[in-house]
Amino acid sequence: DAWLRRRAPVTLGGRPGVRLVLELAPEALVRDVRLVELGDGRVLMIVVQCPVAAEREWRPWLEASLATLALDDAHGEPGREERAKRAQRERGGE
C-alpha cells in the first residue's frame, strides 16, 4: 500500500518536471520520485527512498545532491540553466 503525500512541479538542472512523494506502508518508507523532461522526447526518472524515521535528516542531503546535477541534452550541450550560468560568468558576473 502507498499513498501520495505530495505532487508538485519542479525544476531540475533548468528542466521542468514533476515531483511525487509517496509513503509506503507497512514498510514505513518515503519514496521521492522526480520525472524531468530532457527536451528531446526523453524523461529522466529519479527514484530515492528512505525510512520515514530518517526523512528529516535525509531530505536536506537529497535536495543538496539534486541541486548539483547538470543536465545536458542528447548532443552533450548543457541545459538552459547551465548555459545561463556560463554566460553570466563570461560577462564577469560570478
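The side chains of Arg59 and Glu63 meet in a salt bridge, with 3.9 Å from N to O; a salt bridge is a side-chain nitrogen of Lys or Arg within 4 Å of a carboxyl oxygen of Asp or Glu. Both residues lie in helix α1, 4 residues apart, about one turn of the helix. Helices (H or I, at least four residues) and strands (E, at least two) are DSSP runs, numbered from the N terminus. Arg59 is buried, with a relative accessible area of 15%, whereas Glu63 is partly exposed at 31%. Here buried means under 20% relative accessible area, exposed over 50%, and partly exposed in between, with a 1.4 Å probe and protein chains only.

The model is a predicted one, in which local features need pLDDT of at least 70 and side-chain atom pairs count only at pLDDT 80 or more, while totals for chains, interfaces and linings use all residues. Residues are numbered from 1 along each chain as its sequence is written, and side-chain values use heavy atoms, with hydrogens and water left out.

Glu63 also meets Arg34 in a salt bridge of 2.7 Å, N to O. This pair links distant parts of the chain, since Arg34 belongs to strand β3 and Glu63 to helix α1, 29 residues apart. Arg34 counts as buried, at 6% relative accessibility. A further salt bridge, again 2.7 Å from N to O, joins the side chains of Arg5 and Glu55. It too connects distant parts of the chain: Arg5 is in strand β1 and Glu55 in helix α1, 50 residues apart. Of these two, Arg5 is partly exposed at 26%, and Glu55 is buried at 14%. The structure holds 9 salt bridges, and a network of them links Arg5, Arg19, Glu23, Asp32, Arg34, Glu55, Arg59 and Glu63.

The strands named above belong to an open sheet of 4 strands in the order β1-β2-β3-β4, with antiparallel pairing; two strands pair if DSSP finds at least two bridges between them. β1 (2-12) and β4 stand at the edges, each with a single partner strand, so one side of each is left without a neighbour in the sheet. From one strand to the next, the twist averages 15°. Helix α1 (residues 55-67) packs on this sheet and touches β1, β2, β3 and β4; its direction makes about 15° with that of β3. Axes are lines fitted to C-alpha atoms, for helices over the stretch in contact, and angles run from 0 to 180 degrees between N-to-C directions.

Along the sheet, 10 bridges join β1 to β2, and Ala2 stands opposite Leu24 in β2. β2 and strand β3 (residues 29-37) pair over 8 bridges, with Leu22 opposite Arg31 in β3. β3 and strand β4 (residues 43-51) pair over 9 bridges, and the bridge partner of Arg34 in β4 is Ile46.

Two hairpins connect these strands. In the loop between β2 and β3 lies Pro26, and the peptide bond from Ala25 to Pro26 is cis, with omega near 5°. The hairpin of β3 and β4 has 5 residues between the strands, and Gly39 in the turn has a positive phi of about 90°.

Leu20, finally, lies in strand β2 (residues 15-24) and is partly exposed at 22%. Leaving aside neighbours within four places in sequence, Leu20 is in contact (heavy atoms within 4.5 Å) with Leu4, Arg6, Arg7, Arg31, Asp32 and Val33.
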